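Reader: Can you walk me through this one? I'd like to start with how the chain is divided up.

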Amino acid sequence: MTDFISLPFYDLLHENAHVPAVREKLPPLLTGVRRSILEIGAGSGLITITLADSTPAEIFALEPSPGMRGILLSRLTGRPELLKRVTVLPYDALSLDLPEPVEAIVMINVMYAMEPEYRERLWPVLAGALEPGGLLVFTWRDGDLPAPHPLKEIDSRQVGRHTYASFSEIIESGEGRIRYRTVYRVIADGKVIDEEDIVGNAYRPAWNVLEPELTAAGFTCAAAPDGLLAWRR
Ligand SMILES: C[S@@+](CC[C@H](N)C(=O)[O-])C[C@H]1O[C@@H](n2cnc3c(N)ncnc32)[C@H](O)[C@@H]1O
């Protein structure tokens, strides 16, 4: 599986991006979940740790990218008490194979990476992995897709004497798909000393596309704070 995200930049740029809001909004939705949680696309573990700290549940952290899994396992190694409670599943969401259904499934900032045909096949797989009445929570944003724009700086962090900066271009957008380019640069004394240039697609299904897909798979929409959707099987 290709990484569409620069691994060295991931925590630096995401710890301050979607993560603080998710860390605040997710735990109240999981009140009462005590036995098991499946996290799809656990990435480097920024949300895995929140799941582990806010519930007593056993966690299955599914992550197909070996690079991301490396960071996740390194994070878990720094929290040895969690090594007993978090199982890392090294494959993609459609390859899911759990010993028994879980109480909740969480998928934070992952759906954008799934092509529509893949996503449609995913909901029945997740329904099959959830116990009856189980909860599915994922991030979703309504509204217009971003309009095309040239490369511009998005964020930067200082690391010692170097600046880690990310730049984004929207190449084209429409019908739930965004073609984007992201450039990651490490800059020393105004000079670029390392650069990754990534082009990929992101998918943002509209509500009138998403809702029938989940309903057909046996899910009913439940209340959730802005930026998240919650569904009961
Ligand atoms: C933006 S990261 C989000 C990571 C983490 N959930 C977080 O919020 O920090 C997206 C993650 O989804 C994973 N991913 C992409 N396609 C996937 C798929 N088909 N099944 C499972 N995970 C996938 C990527 O490898 C990546 O680690």
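Author: Domain bounds here come from an automatic or database domain assignment. The model is predicted.

Reader: Which domains does the assignment give for the protein chain?

Author: Domain 1 covers 10–140 + 205–232. Domain 2 covers 149–203.

Reader: How many Å separate the centres of the two domains?

Author: The centres of domain 1 and domain 2 are 26 Å apart, taken over C-alpha atoms.

Reader: And how many residues are in contact between them?

Author: Ten residues of domain 1 are in contact with nine of domain 2.

Reader: What sits across from the ligand's oxygen atoms?

Author: For Tyr10, the distance to a ligand oxygen is 2.8 Å. For His18 it is 2.7 Å. For Glu63 it is 2.7 Å.

Reader: How much of the ligand's accessible area does the protein cover?

Author: The protein covers 94% of the 600 Å² that the ligand has on its own.

Reader: New topic: helix α3. Why is α3 largely enclosed by the rest of the structure?

Author: Helix α3 spans residues 46–54, and seven of its nine residues are buried, so the rest of the structure largely encloses it.

Reader: Which ones are buried in α3?

Author: Leu46, Ile47, Thr48, Ile49, Thr50, Leu51 and Ala52.

Definitions and conventions. Residues are numbered from 1 along each chain as its sequence is written. This is a predicted model: local features need pLDDT of at least 70, side-chain atom pairs count only at pLDDT 80 or more; totals for chains, interfaces and linings use all residues. Side-chain values use heavy atoms; hydrogens and water are left out. A polar contact is a pair of N or O atoms within 3.5 Å; within protein, one must be able to donate a hydrogen and the other to accept it, and residues adjacent in sequence count only if both atoms are side-chain atoms. Accessible areas come from the Shrake-Rupley method with a 1.4 Å probe; for residues, only the protein chains shown count as cover. Buried means under 20% relative accessible area, exposed over 50%, partly exposed in between (1.4 Å probe, protein chains only). Helices (H or I, at least four residues) and strands (E, at least two) are DSSP runs, numbered from the N terminus. Contact means heavy atoms within 4.5 Å.
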